[in-house]
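Student: I'd like to learn how to read a few features of a model. Could we go through one together?
Tutor: Gladly; here it is.

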Amino acid sequence: MSNEASVKRWSRIMSLLCKAAMFILPLFVAISWVFLDDFGPALSGSTGVYVDVAHVSITWRLVGFAVSMIPCGLTMYGLWRLSAMFQECAEGRFFSLDAVRGFRGFAWMILIAAALRPIVGAALSVVLTMGNPPGQRQLAIQFGSTELTAVFVGLLLVAIAHILEEGRKLSDDNAQIV
């Protein structure tokens with residue numbers, strides 16, 4: 001199998017995986033709020049507050065789901081754009097405008113989602129403790145190495161998207177010379 005055929009095959013697989021992840025992510029978010037009794041300890045770690053599941057009403061679970069869907073929705077959109085890029089590559093259009101736009105859309109969504117992580121985490125800390133008695137409600141804002149790494153990866157991907165755009169322009173210029 002030639003290298004190009006291998007890249008096309010992997011691109012088809014990755015496009016399908018991105019599409020599958022677009023459907024799996026919101027299901028996982030919904031399941032984590034429905035089964036908060038089981039996922040509460042994980043939310044405690046990600047929000048920085050102790051979650052007493054008994055105090056999180058159905059209403060606050062719905063609000064928590066809505067807040068959790070903000071970064072999930074951004075990620076879903078980014079995966080949709082990445083899927084479009086892989087579809088272009090699967091068809092042999094590695095430096096097409098649509099392929100570059102797909103990657104750029106993915107990169108920006110990852111950066112935006114990463115930048116919103118502390119805000120979403122703070123909102124979730126409020127949601128998860130709103131049912132607590134007065135004096136036990138919390139607002140926790142976390143910004144550490146995980147958040148910095150996510151923002152750095154987002155910036156890195158945006159930079160690569162700009163490089164791909166320049167490569168696409170050079171490829172177009174070279175194709176016009178022949």
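Student: How far is the sulfur of Cys-89 from the closest cysteine sulfur?
Tutor: A disulfide is a pair of cysteine sulfur atoms within 2.5 Å. The sulfur of Cys-89 lies 11 Å from the closest one, in Cys-18, which is too far for a bond. The structure holds zero disulfides. One caution: this is a predicted model, where local features need pLDDT of at least 70, side-chain atom pairs count only at pLDDT 80 or more, and totals for chains, interfaces and linings use all residues. Residues are numbered from 1 along each chain as its sequence is written, and side-chain values use heavy atoms, leaving out hydrogens and water.

Student: Is Cys-18 buried or exposed?
Tutor: Buried means under 20% relative accessible area, exposed over 50%, and partly exposed in between (1.4 Å probe, protein chains only). Cys-18 is buried, at 4%, and Cys-89 is buried too, at 10%.

Student: What angle do α1 and α3 make where they pack?
Tutor: Two packed helices are described by the angle between their axes and the distance between the axes. Here helix α1 (residues 3-34) packs against helix α3 (residues 58-90) at about 175°, with the axes 8 Å apart. That makes α1 roughly antiparallel to α3 (over 145 degrees, on a scale from 0 to 180 between N-to-C directions).

Student: Where does α3 have a kink?
Tutor: The bend at a residue is the angle between axes fitted to the seven residues ending there and the seven starting there. In α3 a kink of about 35° lies at Ile-70, shortly before Pro-71.

Key. Helices (H or I, at least four residues) and strands (E, at least two) are DSSP runs, numbered from the N terminus. Angles under 35 degrees count as roughly parallel, over 145 as roughly antiparallel, 65 to 115 as roughly perpendicular and the rest as oblique.
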